[in-house]
Amino acid sequence: MRFRNKKHIVIPIAIVVYTIVIAIYARIKYTPENQTTYLMVIGVNLLLAVLLYFILKKRENFRDNSKN
């Protein structure tokens, strides 16, 4: 398989890893005053990574079907 077929997996995983690293760093360094906002931002980032996975997967399937 070519790397292009793995984009729908690699990009969202990179976003999730980035979100986790930044969340840990922010938690240690800044100790947010408003816990709800902190968790909401992390949740939105993770939700967007999941949505991006499904969008890229659908696009990849559409591209493969159009080639055939």
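**Reading a pair of packed helices**

Mentor: In this structure the axes of α1 and α2 lie 8 Å apart, and the two helices pack at an angle of about 170°. The model is predicted: local features need pLDDT of at least 70, side-chain atom pairs count only at pLDDT 80 or more, and totals for chains, interfaces and linings use all residues. Residues are numbered from 1 along each chain as its sequence is written, and side-chain values use heavy atoms, with hydrogens and water left out.

Trainee: How are α1 and α2 oriented to each other, roughly parallel or roughly antiparallel?

Mentor: Two packed helices are described by the angle between their axes and the distance between the axes. Axes are lines fitted to C-alpha atoms, for helices over the stretch in contact, and angles run from 0 to 180 degrees between N-to-C directions. Here α1 and α2 are therefore roughly antiparallel (angles over 145 degrees).

Trainee: Which residues make the contact?

Mentor: Contact means heavy atoms within 4.5 Å. Among the residues involved are I11, I15 and T19 of α1, and Y38, I42 and L56 of α2. The residues of this contact divide into 15 nonpolar, four polar and three charged (Ala, Val, Leu, Ile, Met, Phe, Trp, Tyr, Cys and Pro count as nonpolar, Asp, Glu, Lys and Arg as charged, the others, Gly among them, as polar).

Trainee: Which residues of α2 are buried?

Mentor: Buried means under 20% relative accessible area, with a 1.4 Å probe and protein chains only. In α2 the buried residues are Y38, I42, A49, L56 and E60, and their cover includes α1. Across the protein chain, buried residues make up 15% of the 68 residues.

Notes
Buried means under 20% relative accessible area, exposed over 50%, partly exposed in between (1.4 Å probe, protein chains only). Helices (H or I, at least four residues) and strands (E, at least two) are DSSP runs, numbered from the N terminus. Angles under 35 degrees count as roughly parallel, over 145 as roughly antiparallel, 65 to 115 as roughly perpendicular and the rest as oblique.
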